[in-house]
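This briefing is for a reader new to the structure below.

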Amino acid sequence: MSGFDIKDPKLAEGGRLRIEWAEREMPVLRSIRERFAKERPLSGVRISACLHVTTETANLMRTLQAGGADVVLTASNPLSTQDDVAAALVNVFEIPTFAIKGEDNVTYYKHLRAALDHQPHLTMDDGADLVSTLHKERRDLLSNVLGGTEETTTGVIRLRAMAADGALAFPIIAVNDALTKHLFDNRYGTGQSTIDGIVRATNVLLAGKVFVVAGYGWCGRGLASRARGMGSNVIVTEVDPLKALEAVMDGYRVMPMTEAAKIGDIFCTVTGDINVIDRHHFELMKDGAIVANSGHFNVEINIPALEELSQGKRLVRPFVEEYTLKDDRRIYLLGEGRLINLASAEGHPASVMDMSFANQALSVEYMLKHHAELEKKVYSVPEVIDQEIARLKLESMGIEIDTLTPEQIQYLNSWEEGT
Ligand SMILES: NC(=O)c1ccc[n+]([C@@H]2O[C@H](COP(=O)([O-])OP(=O)(O)OC[C@H]3O[C@@H](n4cnc5c(N)ncnc54)[C@H](O)[C@@H]3O)[C@@H](O)[C@H]2O)c1
C-alpha cells in the first residue's frame, strides 16, 4: 500500500466493529457492493476521494474497492475524521487514508495533495476542496482525469461557478442534486445529527429553549423540525422570501437575525453562506448563548469578530469554547464553528448515507461509461439512478407500493378526457 497518515493504527479493531455496525443499516450500498464484486466495473480505475472519514464513508470505500477501483481517501474537513475508522481503513481494508481528527489547515492541505499524488482517473469530493486544489496546483494531472462526483450543496455551488467561468476541466456529477440524497441526507440526516452534535457537546435540555435556525433550505427544514420535536421554541432566519414564507406556514417564527440574536438560547447556521452570525449579532446576544454551525464551511459564524469582541476564551468541555466578551457576557462556540454534527457527533446515521453513497457508487460507474459524451459541466444524477435507489431502499425496508395500471398510464398520458 502507498503512504497513509492516520492518528493511531491500534484503533483499527474498534473502527472495524463500528464500520460493520453502520453496514447493517446500508442495505442498498451492500447490494451494489455485491454486484460490483461480481462485475468489477471499476477495474484498474484510480479514485481519489475527499470525504468525511466516517463509518459510512468506509463502507463506500469498500464498495469502490470491491468494484476493482484503486482508491485513496483524504478528509474533507479537519474536524470530522473518526480516527478509529481511518485506522481500520488502513489496517483492515488496506485503503490508503490521510486523515487525523483536529489536524490543522496545513496538514489538511498536505493530505489533499497526497490524495492527488495518486493520479486519479476520478475524483470524489465533498465541498470541492480536492477539485479546486487539483485545478490550482496540479494541472499536470488534469489530462488523466475522466470526471468526478460532488457530495454537498456548497461543493456543487463552487463547481457550478467554476463551470460558468470555463475553469472546470472535466465533468462532475452533483450527487447532492439527487432526490434520494438531499431529501433524506440533508433533511433527516442533518436534522437529527446536528441535534445529536449539540446535545453531545453541551448536554443542554432543548425543551423550552429558544432555538434559532439560520437558513430554511433542506438542512434547515430538517433541523427546525427536529428542534421543535425536542420541545424547543424555534425561530427561523432567512434571506429568501419563499423559504421564509414556507417556514412561517410550517409554524415557525421568522425574523431577522438582529431580532433573533436578542432572544435566542441556541443558534445554528445551515446556510452555506458567510458571516450569517456576525459581529453586531454577538453584541446583542444574551449571556450564555450557544452558537453552532452545521453548514459546510466554518465561515457562517464570524469567529474572528467574536475573538476581537472577547477579553478571553477557554475550553470548558470538549467542543465547547467559552468566549468572555469585554462586558463579561459569555458566548459558547461549539466545535470551532465547524459542522457540529461531525465535530462532536458521528455525522449522519448510516441509513440515510446508504442512499447518498449508493448515488456516489452508481454515479462513479455512470461516469466511467459516459465520460466521453459529457461536457466539462456539472450534471445531475440521472433520474434512473435516483429511482432505482428509492426502489431498492423501499425493498430493503420490506415496503411495497402500487404500480400504474395500463388504464392509468393511458389516462395520465392523454389530454382529451376532462370534466
Ligand atoms: N452538516 C452536514 O452534514 C451537512 C449535510 C448536507 C449539507 N450541508 C451543508 O449545509 C449547507 C446548507 O445546505 P442545504 O442543502 O440546506 O442548502 P440550501 O441551499 O437548500 O439551503 C440554504 C438556505 O440558506 C439560506 N440562506 C443563505 N444565506 C442566508 C443568510 N444570510 N441568512 C439566512 N439564511 C440564508 C438560503 O436562502 C437557503 O434557503 C451547505 O453548506 C451544505 O453543503 C451540511
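**Ligand site**

A polar side-chain atom of T154 lies 2.5 Å from an oxygen atom of the ligand. The model is a predicted one, in which local features need pLDDT of at least 70 and side-chain atom pairs count only at pLDDT 80 or more, while totals for chains, interfaces and linings use all residues. Residues are numbered from 1 along each chain as its sequence is written, and side-chain values use heavy atoms, with hydrogens and water left out.

- The ligand is surrounded by 26 residues, each with a heavy atom within 4 Å of it.
- T152, T153, T154, E238 and S294 are the closest of these residues.
- In the side chain of T152, an N or O atom is 2.7 Å from an oxygen atom of the ligand.
- H296 has a polar backbone atom 3.0 Å from an oxygen atom of the ligand.

**Residue D129**

- D129 belongs to helix α6, residues 129-137. Helices are DSSP runs (H or I, at least four residues), numbered from the N terminus.
- With a relative accessible area of 6%, D129 is buried (under 20% relative accessible area, with a 1.4 Å probe and protein chains only).
- The side chains of D129 and Y108 are joined by a polar contact of 2.7 Å. A polar contact is a pair of N or O atoms within 3.5 Å; within protein, one must be able to donate a hydrogen and the other to accept it, and residues adjacent in sequence count only if both atoms are side-chain atoms.
- Beyond its neighbours within four places in sequence, D129 is in contact with Y108, Y109, L112, R158 and F297 (heavy atoms within 4.5 Å).

**Helices α5 and α6**

- Two packed helices are described by the angle between their axes and the distance between the axes.
- Helix α5 (residues 105-116) packs with α6 at an angle of about 75°, and their axes are 10 Å apart. Axes are lines fitted to C-alpha atoms over the stretch in contact, and angles run from 0 to 180 degrees between N-to-C directions.
- α5 and α6 are therefore roughly perpendicular (65 to 115 degrees).
- Y108, Y109, L112, R113, A115 and L116 of α5 meet D129, L130, T133, L134 and E137 of α6.

**Helices α2 and α15**

- The axes of α2 (residues 27-39) and α15 (residues 350-370) come within 8 Å and cross at roughly 25°.
- That crossing makes α2 roughly parallel to α15 (under 35 degrees).
- The residues making this contact include P27, V28 and L29 of α2 and D354, F357 and A358 of α15.

Notes
Helices (H or I, at least four residues) and strands (E, at least two) are DSSP runs, numbered from the N terminus. Buried means under 20% relative accessible area, exposed over 50%, partly exposed in between (1.4 Å probe, protein chains only). Angles under 35 degrees count as roughly parallel, over 145 as roughly antiparallel, 65 to 115 as roughly perpendicular and the rest as oblique.
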